[in-house]
Amino acid sequence: IRWVLWSVASALDCAHNHGWAHNDVKTLNVCCQPVVDSKAAEIYRRADVKPQRVRLVDWGAATALDWRDDRTRGTQGYNAPENTDLTQGCTSAHDTWMLGCLLLEIVTHGAFDCNHPSEVLETWLPNAITHCQQNGQLPLANLLQRLLEERPELRLGAGQGLVTELLEHSYFSGLSPTQWALECALRTQLCDSTSRHIQCER
């Protein structure tokens with residue numbers, strides 16, 4: 001789960017730094033590809049990480065940050081509360097909310113299915129938090145709360161950036177130095193891939 005979250009967050013951070021919002025983060029738009037290069041695969045194995053690359057695809061709904069028009073973006077049920085107000089525009093916080101919904105879908109083993117942000121806040125999130133707490137996964141429960149914070153200005157990543165605040169969260173504590181080195185080395189590659197997706201699809 002950490003590897004998927006970090007990979008998707010890195011792609012989003014790169015897009016946000018280039019002035020774009022993805023607007024349609026969901027499990028169907030996250031692809032895992034086996035690493036075929038033998039040297040790269042060996043680095044993954046030494047870091048005790050499954051040799052696969054996680055990519056965020058389908059940038060067809062992407063817009064410039066703060067873009068405003070007469071329609072909502074993304075997939076119904078994944079949209080943030082503020083996205084129902086068309087005057088707010090597309091923001092990085094909207095992508096963060098959808099990353100939270102992606103994590104919610106992982107935690108619920110694919111059962112997550114709703115039509116409005118209120119269902120996330122009133123039903124799905126409380127149930128998922130209770131499940132995590134009962135299984136001793138307190139950091140994961142807190143991460144869900146931070147990603148799915150109703151107020152966008154308090155959502156994870158609103159201060160120092162999504163990746164920075166994600167890696168500082170307690171859910172990511174305990175990773176080995178080798179894993180950290182691997183993640184830092186791959187971030188450039190992820191950003192390059194994200195930039196190419198944006199250029200091709202826009």
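The largest share of the lining of the largest pocket comes from α3, with 3 residues. This is a predicted model, so please hear everything that follows as computed from it.

Staying with that pocket: α1, residues 2-17, and α3, residues 92-107, each supply at least two residues of its lining. The space in the largest pocket is about 170 Å³.

Next, the core. The largest nonpolar core has 44 residues, and those touching the most other members are Leu5, Val8, Leu103, Val120, Leu143, Leu144 and Leu148. Two or more residues come from each of α1, β3 (52-56), α3, α4 (117-134), α5 (138-147) and α6 (162-168). The largest share of this core, 9 residues, belongs to α1.

Take Val120 from that list. Leaving out residues up to four places away in sequence, Val120 touches Gly77, Trp97, Cys101, Leu104, Phe112, Cys114, Leu125, Pro126 and Leu148.

Now the chain as a whole. The protein chain has 7 helices and 4 strands, in the order α-β-β-α-β-β-α-α-α-α-α along the sequence. Of its 202 residues, 50% are buried. Among contacts with a separation of 6 or more, 66% are between residues 24 or more positions apart. The accessible surface is about 9900 Å², and carbon and sulfur atoms account for 49% of that.

Key:
Residues numbered from 1 in each chain as written. Predicted model: local features only at pLDDT ≥ 70, side-chain atom pairs only at ≥ 80, totals over all residues. Heavy atoms only, no water. 1 Å grid on protein atoms, 1.4 Å probe; cavity = no way out; pocket = protein on both sides within 12 Å on 5 of 7 lines; lining within 4 Å. Points joined across faces, edges and corners; volume = space filled by probe spheres on them. Core = buried A, V, L, I, M, F, W, Y, C linked by side-chain atoms within 4.5 Å. Buried < 20%, exposed > 50% of the residue type's maximum accessible area, 1.4 Å probe, protein only. Contact = heavy atoms within 4.5 Å. Areas by Shrake-Rupley, 256 points an atom, 1.4 Å probe, with all protein chains shown as cover.
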